[in-house]
Structures are given as C-alpha cells and as structure tokens.
Amino acid sequence: MDGGDRWAGGGGPTTTVQDLSARLWYERELLDLLTFKLEEEQLVLTAGRTRWLSHATREVEQVLERLRAAGLERAAAAATVAHEWGLPDDASLRDLADGATDAAWAEILTAHLAAMTDQTATIRALRDANSQFLRAAARSTQETLASTEPPAATYDAHGRPAASGDAHLFDRSV
C-alpha cells in the first residue's frame, strides 16, 4: 500500500487518524459499559443480593478484557499517527493532540482525552465504593459467624472436632 491510498480526498487527513478516533470512540463506549456494570454490581451489593454478585463481577471482568484489547489496538493506531506526524511512537494522547497537524484533529483528540479522563475518575470512584461494600459485607459475615451460639464447630489437623473454646474473630470484651 503506498501513501496515496491512505489519504481521504487527496489532501485531507489520513484514514489513520480517523481510525484512531474511531478506536477512541469504541474505548469510550466500553468505559461507559464498565461504568454501568460497576453501578450494577454496586446495586447488587447494596441490595444484599449476593446470589447475583458472581454474575455481576464476571460481567465487569469481561468488559475489562475487552478494554485491554481495545487499549492495545488504540496504542498501535496512536503509534502510527504519531509516526506520521513526526512524533515519538510512544506519544500520549495529550502529545498527539498537541502535535496534531490540523486544528480540528487537535480539538477532537483533546475532547477524547477529557471525556476518557472523566470516565476513568468515575470508574475509579465506583471501584473504590464497591470495594468498601465488599469489605463491609465480609466483616459482617465474619462477625455473624463468630457470634453464632453454639460456636461453629472447627476441626484439628487430623479432621477430628476440635475442643470448644472461647476463640472468636473479634474481641468480645470491647
């Protein structure tokens, strides 16, 4: 393929930067989907519907896998654009926006960067909140198990019932 095949309209922007923009749009859609799946996971957690937690978590992981693949494809497209524009192949999206050969592409890439930065901050907050809910649920479960009367049976290293004692997962004297 010669360089002339890559030009749209014989002198406009290359299809490479158009491809990069399309990949950025796809990545933004996946970030939106991840936000939705994290909110869905949070609803399952706050409703106490742990039966569905594994499904919600698996869906989050599936979107993350798709995001990883999309990120690799975007990085390859970005490296091609950077090379065409005379920038280092590892140029960031900010570097590409700053080094764009056309003001319109600079604006488009800057808008992608801003949107993705905002989406990432939202996702980080959801992830942190969900982690807090999971820790609280685990703590509650441990406390419930520790307070069962009679104490839950335990076993020694030989598989025999262990002697019942006052061992608890938390200090009852507090």
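Colleague: Is D128 buried, partly exposed or exposed in this model?
Modeller: In this predicted model, D128 counts as partly exposed, because its relative accessibility is 38%.

Colleague: Which residue forms a salt bridge with D128?
Modeller: That residue is R127, and the closest N and O atoms of the pair are 2.8 Å apart. R127 is partly exposed as well, with a relative accessible area of 44%.

Colleague: How many salt bridges does a search of the whole structure find?
Modeller: The search finds 7 salt bridges. One of them joins the side chains of R23 and E73, at 3.0 Å from N to O. R23 lies in helix α1, residues 15–47, and E73 in helix α2, so this pair ties together parts that are 50 residues apart in sequence.

Colleague: And how accessible are R23 and E73?
Modeller: R23 has 25% relative accessibility and counts as partly exposed. E73, at 41%, counts as partly exposed too.

Colleague: Which residues are linked with R23 in a network of salt bridges?
Modeller: The network links R23 with D19 and E73.

Colleague: What about R74, with which residue does it form a salt bridge?
Modeller: R74 pairs with E27, and their closest N and O atoms are 2.6 Å apart. Since R74 lies in helix α2 and E27 in helix α1, the pair ties together parts that are 47 residues apart in sequence.

Colleague: Is E27 buried or exposed?
Modeller: E27 counts as buried, because its relative accessibility of 6% falls under the 20% cut-off. R74, by contrast, counts as partly exposed at 25%.

Colleague: Let me step back. How many helices and strands are there in the chain?
Modeller: The chain has 4 helices and 0 strands, and its pattern along the sequence reads α-α-α-α. Of its 174 residues, 26% count as buried.

Colleague: Where is H112 found?
Modeller: H112 is in helix α4, which covers residues 103–146. This histidine is buried, with a relative accessible area of 1%.

Colleague: Which residues does H112 touch, leaving out those up to four places away in sequence?
Modeller: H112 touches S21, L24, W25, R28 and L93.

Colleague: Now the surface. Which residues form the negative patch?
Modeller: The negative surface patch is formed by D89, D90, D95 and D98.

Colleague: Where does D90 lie?
Modeller: D90 lies in the loop between α2 (53–84) and α3 (93–98). The residue is exposed, with a relative accessible area of 67%.

Colleague: And what does the accessible surface of the chain come to?
Modeller: The accessible surface is about 11500 Å², and 55% of that belongs to carbon and sulfur atoms.

Key:
Residues are numbered from 1 along each chain as its sequence is written. This is a predicted model: local features need pLDDT of at least 70, side-chain atom pairs count only at pLDDT 80 or more; totals for chains, interfaces and linings use all residues. Side-chain values use heavy atoms; hydrogens and water are left out. Patches are made of residues with over 30% relative accessible area and no salt bridge: like charges are joined within 9 Å, nonpolar side chains (Val, Leu, Ile, Met, Phe, Trp, Tyr) within 5 Å. Accessible areas come from the Shrake-Rupley method with a 1.4 Å probe; for residues, only the protein chains shown count as cover. A salt bridge is a side-chain nitrogen of Lys or Arg within 4 Å of a carboxyl oxygen of Asp or Glu. Lys and Arg count as positive and Asp and Glu as negative; His and the chain ends are not counted. The place of a charge is taken as NZ of Lys, CZ of Arg, CG of Asp or CD of Glu. Helices (H or I, at least four residues) and strands (E, at least two) are DSSP runs, numbered from the N terminus. Buried means under 20% relative accessible area, exposed over 50%, partly exposed in between (1.4 Å probe, protein chains only). Contact means heavy atoms within 4.5 Å.
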